[in-house]
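Subject: Structure handover and notes

Dear colleague,

Please find the structure below, followed by my notes on what was found in it. I would be glad if you could read the two side by side.

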Amino acid sequence: MLTLRSLLNQYGEDLGLDPKRIPSNTAGSHFVEAFAKAWTEYNNPRAVVMFVVQAEERNMYDQHWLSAVLKERYPFYVYDTPMFIRKTLAEIDAEGELLPDGTLLVGGKAIAVVYFRAGYTPNDYPSESEWRARLLTEQSSAIKCPSISYHLAGTKKIQQELAKPNVLERFLDNKDDIAKLRKCFAGLWSLDDSDIIKNAIEKPELFVMKPQREGGGNNIYGVDVRETLLRLQKEGTDGNGAYILMQRIFPTVFPTFLIRDGICHKDYAISELGIYGAYLRNKDKVIMNDQCGFLMRTKISSSDEGGVAAGFGVLDSIYLT
């Protein structure tokens, strides 16, 4: 955002664009604030923040940026050692130890906050070593981002369950708030719904099949929806729980210019806006519950997938009109 605003400060008049129409996005600083508050709440000045990363990490730059901002704004040091370390799940298994009071030690350092940037795909668990590391962190008193319960709450199956009648009422009392939330829901169904399965086989272009996965490249679209549903029907019901069906969303398409390898292409694109949030709680005490910036992703309209790291989409900026 800063780069685009800087460009418009210099060339905005020539382009007829106002840099003040680009909203500020303070996601990084808010994330760092959440880390610092969690570290403070843990109340152990010897403890550190641990980034859990992949062995061959491709997303290291934004991670290092968070580390740099954390070091700059909250220069807590533990005997001349920075307050954050980076470890793979395998390294946690090899170096980790759980003390009787619940303290997690990794490489001899007490861990206050565990920030998972790995552990979201089956590929992150190639052996029992990685599963032992995940169990060790969950058994500890370290603050997890996310905890295993919150991680599971983000799966597609939980989203589908929340869309069922009378489920939101378990968590919210205000009827107006419940109605507003339901208005935002797309259609979500389990594969046990025979009527929806019949509709999806007849009109697969109106549905998306989603597995319990994250990271892009895993959803099923178009005629593949029909073929997958027919295959699952032949195989029996055991595989049904691995997927949900979702109403396909058709967002507004707009013309844009895309540059790749120095070559400019004109194409049609769609964008998706995601809102970040940070929530920190100690038992019943809510310490932080804030909106923390946003992420705008854009992809060509002909692409089903949209993951940036997966290579389908790009990071984009917002210009208010």
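In these notes, buried means under 20% relative accessible area, exposed means over 50%, and partly exposed lies in between, computed with a 1.4 Å probe on protein chains only. This is a predicted model, in which local features need pLDDT of at least 70 and side-chain atom pairs count only at pLDDT 80 or more, whereas totals for chains, interfaces and linings use all residues. Residues are numbered from 1 along each chain as its sequence is written, and side-chain values use heavy atoms, with hydrogens and water left out.

I begin with the salt bridges, where a salt bridge is a side-chain nitrogen of Lys or Arg within 4 Å of a carboxyl oxygen of Asp or Glu. The whole structure contains 13 of them. One joins the side chains of Arg132 and Asp93, at 2.9 Å from N to O; this pair links distant parts of the chain, since Arg132 belongs to helix H5 (residues 128-139) and Asp93 to helix H4 (residues 89-95), 39 residues apart. Helices (H or I, at least four residues) and strands (E, at least two) are DSSP runs numbered from the N terminus. Arg132 is partly exposed at 46% relative accessibility, and Asp93 is likewise partly exposed, at 23%.

Two further salt bridges lie within helices. Lys37 and Glu33 meet at 3.2 Å, N to O, and they are four residues apart in helix H2 (residues 27-42), which means that about one helical turn separates them. In helix H5, Arg134 and Glu138 are also four residues apart, about one turn, and their side chains form a salt bridge at 3.5 Å, N to O. Arg134 counts as buried, with 5% relative accessibility. There is also a network of salt bridges that links Lys157, Glu161 and Lys164.

Arg134 is also among the contacts (heavy atoms within 4.5 Å) of His151, which, leaving aside neighbours within four places in sequence, touches Gly119, Tyr120, Pro146 and Glu214 as well. His151 sits in helix H6 (residues 148-153) and is buried, with a relative accessible area of 13%.

Finally, Gln291 lies in strand S14 (residues 285-300) and is exposed at 52% relative accessibility. With neighbours within four places set aside, Gln291 is in contact with His30, Ile275, Tyr276 and Gly277.

With kind regards
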